[in-house]
Structure formats: C-alpha cells, structure tokens
Amino acid sequence: MRWGDAIGQRGESIFYVIITRLYGRSGPLFRPQFLGDKWPTVDFIVELTNCPGRITPYFFAQVKTTSQGYTLKRRRLKVKVSKADAERLSSYPAPTYIIGIDEIEEVGYIISVEGEHDRGLSSLSTQFPIGKEVQDLLWREVTDFWIGVGTSGKTSRFVDSDWR
C-alpha cells in the first residue's frame, strides 16, 4: 500500500468517527456508509437519523485528507479538489459536500459543492469544523433540502400491482 493510500484511508476513518460523535445525544445524527475505493468521486453516502416524516434524507461526501497542514496566510487546509471532481459532485441532484481532513490533528472541515465551478481548489476553507454546531446545522440543511424536494412526484412504471 502506498503512503498516500494509507493517509486517505485514515482520513475516511477519521470522517466516520467525527460525523458520528454524539456530543451528549442519545445516538448519532448521521449513518455514514463508505462506498468503496472504486466508486468515482463520492466516498460516502450519509443517511440522517431521527428525521421527521416518511423520507430518509441523505447526502454525498468526498473526503480529502492531508498531513501537510494549513496555508500560512488564511489557515486553509492543504487539500486539492479538481475541477472535474467539483463538477461531478455538483451534478448529483442531492446535497454534496467535500470533507477536508487534517490527518495529524484528526479534525475535519466541510464545504458544500453546489453550482458551477470554473476551477478546482488548492486549499479548503476551515470555516466549518465538524463539531456539534456544524453537525446540527448540517442535519437541518440536509433535512430541509429533502423536505423541499418531497416524495409526491415519486412514481415509477415498474409497479407490482399485487404489492400494495
């Protein structure tokens, strides 16, 4: 295994741990599922728990890990996101996020991937460290998205008429 692969795997494990931290709650707000190394662009699908209504909100996450630390000028995490990855993530009709993991300090930061991106990123904002407050805000943002989408238009031509 290459060292870069080991850092990436550690980052994925660190993300799993920090997104499922309880912060005094009786259970985690999120149920992450790693999609495997062969899945393009997306590393995790993350379901929300304890949601109102009949839908199960979820989001997609790509995890970028570094042991290189932060930029001096604005303390941004030194991870790279290609334009192609940003475009592919933003093409999903669901909430999508990039998670930057500082492998040394074992902390993570989250940014949304929405809209068009005319370039990639050479560093990631540390404005949103994944802790209790960000977990709460993320849970609300993703829930609100799926409530807005709703399921009323969910129809299929592949219906088993005996299964109702």
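Predicted model: local features only at pLDDT ≥ 70, side-chain atom pairs only at ≥ 80, totals over all residues.
Student: Where around the axis of H2 do the buried residues lie, and which strands do they pack against?

Tutor: The arc that Asp-85, Ala-86 and Leu-89 cover around the axis is only 100 degrees, which puts them on the same side of H2. The buried residues of H2 have as their packing partners strand S3 (58–66) and strand S4 (96–102).

Student: In what order do the five strands of the open sheet stand, and which strands are at its edges?

Tutor: The sheet is open and its pairing is mixed, with the five strands in the order S1-S2-S3-S4-S5. Since strand S1 (30–34) and strand S5 (107–112) each have a single partner strand, one side of each is left without a neighbour in the sheet, and the strands at the edges are therefore S1 and S5.

Student: How many bridges join S3 to S4, and what is the handedness of the crossover from S3 through H2 to S4?

Tutor: S3 and S4 run parallel and are joined by seven bridges, and within this pairing Gln-62 has Ile-98 of S4 as its bridge partner. The chain passes from S3 through H2 to S4, and the β-α-β crossover formed in this way is right-handed.

Student: How many residues of S4 are buried, and which of them point the other way from Thr-96, Ile-98, Gly-100 and Asp-102?

Tutor: S4 is mostly covered, with seven of its seven residues buried. In a regular strand the side chains alternate between the two faces of the sheet. Thr-96, Ile-98, Gly-100 and Asp-102 point one way from S4, and the residues that point the other way, also buried, are Tyr-97, Ile-99 and Ile-101.

Student: Which residue of S5 stands opposite Ile-98, and which residue takes a positive phi in the hairpin of S4 and S5?

Tutor: S4 and S5 pair in the antiparallel sense over six bridges, and the residue of S5 opposite Ile-98 is Ile-111. The hairpin of these strands has four residues between them, and the positive phi, near 55 degrees, belongs to Glu-106.

Student: Which residue of S3 is the bridge partner of Ile-45?

Tutor: Strand S2 (residues 44–48) pairs with S3 in the antiparallel sense, and four bridges make up this pairing. In S3, the residue that partners Ile-45 is Phe-60.

Terms used. Residues numbered from 1 in each chain as written. Heavy atoms only, no water. Buried < 20%, exposed > 50% of the residue type's maximum accessible area, 1.4 Å probe, protein only. Helix = DSSP H or I, 4+ residues; strand = E, 2+ residues; numbered from the N terminus. Arc of directions from axis to C-beta. Contact = heavy atoms within 4.5 Å. Pairing = 2+ DSSP bridges. Right-handed = clockwise from strand over helix to strand, strands pointing away.
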